[in-house]
Amino acid sequence: MKKAFSSLRSLLRCHWAMVRKKGTLILCGAFLFVAWNALLLLFLWGRPPIGRLGEGGGAEPGAGEDWAAGKGKRGGASGLAGEVIRLAEEVESELETQKKLLKQIQSHRSIWELRKDVGKMETEDAKDKKDELKEPQQVPQLPVLDENKALPKKVPAPVVSSPPPDTKQDKILNDEKQSPENKVGLTDSSPQTVIPILVIACDRVTVKRSLDKLIQYRPSVELHPIIVSQDCGHADTARVIGSYGSQVTHISQPDLADIPVRPDHRKFQGYYKIARHYRWALNQVFNTFSYSTVVIVEDDLEVAPDFFEYFRALYPILRSDPTLWCISAWNDNGRDGLVDPGKADLLYRTDFFPGLGWMLLKEVWAELEPKWPKAFWDDWMRHPEQRKDRSCVRPEISRTITFGRKGVSLGQFFDQYLRYIKLNTEFVPFTKQDLSYLVRERYDETFVKEVYSAPLVKVEDLQQGGSLKGAGPFRVQYSSRDSFKVLARNLGVMDDLKSGVPRAGYRGVVSFLSRGRRIYLAPPEGWTKYDTSWS
């Protein structure tokens with residue numbers, strides 16, 4: 001009996017220790033436990049001794065007496081003492097069982113405490129990480145529309161099927177042009193620089209070809225989010241874009257209404273809608289998503305394997321040189337036979353805005369957006385009022401090609417020129433190269449010296465049967481708008497001028513290959529400015 005009370009006392013001490021250490025939950029559990037044991041003791045005290053019940057309900061086999069009578073017949077005190085001993089043994093056995101249960105509870109409690117501590121640490125880490133990241137811009141949401149119906153004419157906000165990845169966007173400071181990371185000569189972008197790709201789409205389901213290549217060559221989802229901006233409300237195209245899920249962000253231009261134009265411009269309605277779409281999409285990138293730069297491609301462009309490498313390497317140059325205002329992946333004279341296949345790493349400055357895969361800074365967009373044209377935005381970009389004597393960078397071999405014969409130009413320009421452009425297939429590690437030679441002070445000195453030190457020849461000498469020998473470079477000179485056009489046609493390069501600037505030209509000079517020789521189609525030495533009447 002003493003042993004039983006000792007066990008009971010140790011159990012109560014254990015309970016008390018647990019109550020002191022634990023909170024309200026453990027206190028309630030201990031109370032229930034003690035109450036259960038009390039009820040158990042009362043039950044055991046008031047029940048008959050353990051044994052097989054007889055027919056009359058007695059405790060012993062064959063006994064028909066009740067528990068009180070049985071006690072009297074078995075000798076009073078000694079019988080009672082035996083029953084008390086059995087009761088104590090049963091209590092002790094029950095207490096041992098409860099003690100084992102308490103030990104199991106104690107061991108599980110330590111595990112629960114460990115899990116609780118780990119969970120708390122994870123919560124704190126997640127909170128710290130969230131504090132480090134820039135809080136993403138909240139994008140207005142619209143209800144998903146029936147894919148078989150066009151979008152309504154007036155919708156207050158765009159449809160966003162999935163937001164861009166939550167990244168450390170635009171850690172670049174406003175004075176980035178003066179920051180050490182962007183000194184001229186350093187071509188590797190800061191690791192934090194996010195360069196999104198904006199895909200302008202409408203009603204071409206072949207956007208899949210463009211997106212497949214972008215996703216295939218993209219080195220980082222976080223550093224190069226892909227935003228597909230769709231106009232036209234074309235359901236089949238929307239389904240194709242939506243099939244990429246979280247790999248892209250799909251936004252929809254909400255205003256699909258026709259644009260009022262003068263009668264002679266009704267056939268140009270498509271050009272007006274394209275300009276409206278560009279303005280809306282670029283505002284989304286810079287003002288809603290708050291990116292500091294963007295690379296714009298259209299839904300009919302296929303990119304080269306080093307497309308992302310090219311723009312990432314040239315981003316610091318664009319930031320650091322105020323005489324540059326864009327980086328383009330396109331060479332207007334990039335046809336096979338006019339470019340050097342062994343010079344995939346060769347880059348140029350150009351005064352002609354090429355488009356067709358180009359990088360734009362937020363600061364330049366802030367300058368252009370208030371006066372953005374209602375139509376023909378690309379030719380508008382080539383006006384002196386927009387260009388302001390600034391240049392772009394272009395490659396020798398294009399990093400994009402177009403496969404879109406269908407479009408507002410009805411395929412005429414595509415069949416004449418675009419289908420023959422050569423796409424680069426060799427990966428060039430531009431971020432490992434020193435591209436500071438593209439800064440105007442260094443570039444102009446070298447470029448002018450190379451062009452005007454080249455022997456001056458006639459176009460007849462370059463044609464088949466000519467007496468000219470050697471790989472060049474050679475210089476062919478023009479002196480007027482008409483002479484440029486004649487020479488350009490004879491040499492196989494594009495002959496049109498925009499505000500006096502020839503396609504792919506820099507300081508009036510167009511560089512290309514002709515029959516394997518480097519040729520410079522150039523104005524007379526001492527050139528100073530373009531004649532805007534040459535258009």
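Modeller: Here they are.

Biologist: Why is Asn333 called buried?

Modeller: A residue counts as buried when its relative accessible area is under 20%, as exposed when that area is over 50%, and as partly exposed in between, with a 1.4 Å probe and protein chains only. Asn333 has a relative accessible area of 2%, so this residue is called buried. Please keep in mind that this is a predicted model, in which local features need pLDDT of at least 70 and side-chain atom pairs count only at pLDDT 80 or more, while totals for chains, interfaces and linings use all residues. Residues are numbered from 1 along each chain as its sequence is written, and side-chain values use heavy atoms, with hydrogens and water left out.

Biologist: Where is Asn333 found, and which residues does Asn333 touch?

Modeller: Asn333 is in the loop between strand S7 (324–328) and strand S8 (347–350), where helices (H or I, at least four residues) and strands (E, at least two) are DSSP runs numbered from the N terminus. If residues up to four places away in sequence are set aside, Asn333 touches Leu338, Val339, Val493, Met494, Arg503, Ala504 and Val510, and a contact here means heavy atoms within 4.5 Å.

Biologist: What makes the pair formed by the side chain of Asn333 and the backbone nitrogen of Met494 a polar contact?

Modeller: The term requires a pair of N or O atoms within 3.5 Å; within protein, one must be able to donate a hydrogen and the other to accept it, and residues adjacent in sequence count only if both atoms are side-chain atoms. The backbone nitrogen of Met494 lies 3.0 Å from a polar atom of the side chain of Asn333, and therefore the distance falls inside the cut-off.

Biologist: Why is strand S5 described as mostly covered?

Modeller: In strand S5 (residues 293–298), 5 of the 6 residues are buried. S5 also has partners: 4 bridges join S5 to strand S2 (residues 197–201) in the parallel sense, and 4 bridges join S5 to strand S9 (residues 358–361) in the antiparallel sense. Two strands pair if DSSP finds at least two bridges between them, so S5 is paired with both. Ile200 stands opposite Glu298 in S5, while Thr293 has Leu361 in S9 as its bridge partner.

Biologist: What makes S8 a strand with both faces covered?

Modeller: Leu347 and Arg349 on one side, and Tyr348 and Thr350 on the other, are all buried. In a regular strand the side chains alternate between the two faces of the sheet. S8 is joined by 4 bridges to strand S10 (residues 391–395), the two running antiparallel, and the bridge partner of Arg349 in S10 is Val393.

Biologist: Why are S12 and S15 called edge strands?

Modeller: They belong to an open sheet of 3 strands in the order S12-S16-S15, with mixed pairing, and strand S12 (474–477) and strand S15 (510–514) each pair on one side only. S12 and strand S16 (residues 517–522) pair in the parallel sense over 4 bridges, with Gln477 and Ala522 as bridge partners.

Biologist: What makes a group of residues a nonpolar core, and which residues have the most contacts inside the largest one?

Modeller: A nonpolar core is a set of buried Ala, Val, Leu, Ile, Met, Phe, Trp, Tyr and Cys residues joined through side-chain atoms within 4.5 Å. The largest has 80 residues, and Leu214 and Phe307 have the most contacts inside it. Its largest share, 9 residues, comes from helix H8 (residues 307–320). A second, separate core of 19 residues includes Leu338, Phe474, Tyr478 and Trp534.
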